[in-house]
Amino acid sequence: MTGTLITAEVDFDAQGKQTGYLRVPHSVHRSAYGWLPVPITVIHNGDGPTLVAMAGSHGDEYEGQIAISGLASSLEPEQLRGRLILLPMLNFPAAQAGLRTSPIDDSNLNRLFPGDPKGSPSEMIAHYVEEVIMPMADYAIDLHSGGSSLFYPPTLLRGLGKGGDEAATLKRMQEALDLPFAWVFTSGGGRDSTARTAMGAANRKGVVNVMAELGGAGVVTPDILKRTTRGLHRLLHALEMLPDYRPDPMQGTRELHARGSVYAYRDGVFEPLKTIGDDVVEAETVGLIHHPDTPLQAPDEITSPYAGMILCQRAMAPVKRGDAVYQIAADARET
Ligand SMILES: [Zn+2]
């Protein structure tokens with residue numbers, strides 16, 4: 001027994017398409033016996049693998065929420081082999097509010113795993129994913145974006161895999177998603193993972209999994225949404241779950257290793273001097289922090305501690321000391 005207090009309106013073993021809610025108990029002033037509705041769809045047709053596709057762990061990241069909802073409405077059981085578990089708004093209160101963190105418990109779901117079955121709503125959801133959902137899964141994909149504060153080009157995130165089979169499967173999933181960039185982690189993963197993310201939860205349960213960063217800035221980018229939907233269909237096909245789908249030709253993925261983030265050290269207004277895809281050299285000036293509150297004060301220069309390519313960029317102009325303004329990555333073969 002997992003000890004979860006969350007109940008599912010869907011039967012994970014039933015065949016066909018079902019949709020409903022995970023009921024997260026939440027007793028409050030206006031609703032003594034109430035629950036928070038986390039939307040879920042299960043599409044199940046006979047033998048085959050189980051894929052879990054999640055989005056909305058951070059509520060201000062939208063392409064994944066739309067693309068996964070699109071699969072729920074467009075796919076019919078006859079098209080599928082195996083079982084697809086779709087969770088488009090995993091931290092429902094955060095997604096409903098359009099916020100990274102849940103307004104109910106101020107929690108960042110993707111830093112809470114393995115969660116707590118008797119904890120706050122976000123902790124209960126994390127625990128449910130780790131102890132109920134992941135043990136059913138063979139594969140998982142968790143869709144993110146840069147949220148309100150950052151912007152990423154479509155980027156797959158994956159580990160190297162423990163052992164030959166997992167490494168080959170992860171590469172196959174990367175090629176299926178066919179996003180322009182892949183951020184490949186050089187450490188972590190496996191069943192002894194201590195990561196507090198959904199990726200950590202999947203790894204601890206032996207689920208072969210990837211995640212993706214898809215845009216950001218608190219908006220939906222139509223090209224990135226198309227790329228996301230295409231990638232999910234291609235992934236299902238590559239996992240032999242969508243046999244009649246005909247994937248279009250692969251466009252190719254540039255594999256990167258993250259070098260680190262560049263941070264603001266002063267409060268002010270951030271002016272980027274570089275953009276996503278630009279190359280930078282170590283100690284290069286990559287941005288300015290302006291001080292319009294002090295008219296004659298010169299702007300501060302932000303320099304990059306790393307050489308590499310700008311993978312992600314801050315989407316908000318106001319900065320405080322400690323805010324990340326860029327993430328730098330380098331080609332995998334060069335690190
Ligand atoms: Zn996120």
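Ala, Val, Leu, Ile, Met, Phe, Trp, Tyr, Cys and Pro are counted here as nonpolar, Asp, Glu, Lys and Arg as charged, and the others, Gly among them, as polar. On this basis, the lining of the largest pocket comprises 14 nonpolar, 22 polar and eight charged residues. The model is a predicted one.

The largest pocket holds about 810 Å³ of space. Its lining is made up of 44 residues. Leu157, Trp183, Phe185, Thr197 and Met211 lie nearest the centre of this pocket. Two or more lining residues come from each of β7 (150–158), α4 (164–177), α5 (198–204), β9 (208–216), β10 (254–263) and β17 (324–331). The most are given by β7, which contributes four residues.

The second largest pocket has a volume of about 190 Å³. It is lined by 13 residues. His26, Arg30, Trp35, Leu36 and Ile104 are the closest to its centre. The lining of this second pocket divides into eight nonpolar residues, four polar and one charged. At least two of the lining residues are supplied by β3 (35–45), and at least two by α2.

Eight of the eleven residues of β3 are buried, so the strand is largely enclosed by the rest of the structure. β3 has antiparallel pairings with β2 and with β5. With β2 (residues 16–25), the pairing runs over ten bridges. Within it, arginine 23 stands opposite proline 37 of β3. With β5 (residues 82–87), the antiparallel pairing of β3 extends over five bridges. Here valine 42 has isoleucine 85 of β5 as its bridge partner.

Serine 102 lies in the loop between α2 (92–97) and α3 (121–133). Its relative accessibility is 1%, so serine 102 counts as buried. A polar atom of the serine 102 side chain lies 3.1 Å from the backbone nitrogen of isoleucine 104. Ile104 is also one of the residues closest to the centre of the second largest pocket. Leaving aside residues up to four places away in sequence, serine 102 touches Asn91, Pro93, Ala94, Ser107 and Ser122. Helix α2 spans residues 92–97, and at least two residues of α2 belong to the lining of the second largest pocket.

Definitions and conventions: Residues numbered from 1 in each chain as written. Predicted model: local features only at pLDDT ≥ 70, side-chain atom pairs only at ≥ 80, totals over all residues. Heavy atoms only, no water. Buried < 20%, exposed > 50% of the residue type's maximum accessible area, 1.4 Å probe, protein only. Polar contact = N/O pair within 3.5 Å; in protein donor to acceptor, adjacent residues only side chain to side chain. Contact = heavy atoms within 4.5 Å. 1 Å grid on protein atoms, 1.4 Å probe; cavity = no way out; pocket = protein on both sides within 12 Å on 5 of 7 lines; lining within 4 Å. Points joined across faces, edges and corners; volume = space filled by probe spheres on them. Pairing = 2+ DSSP bridges.
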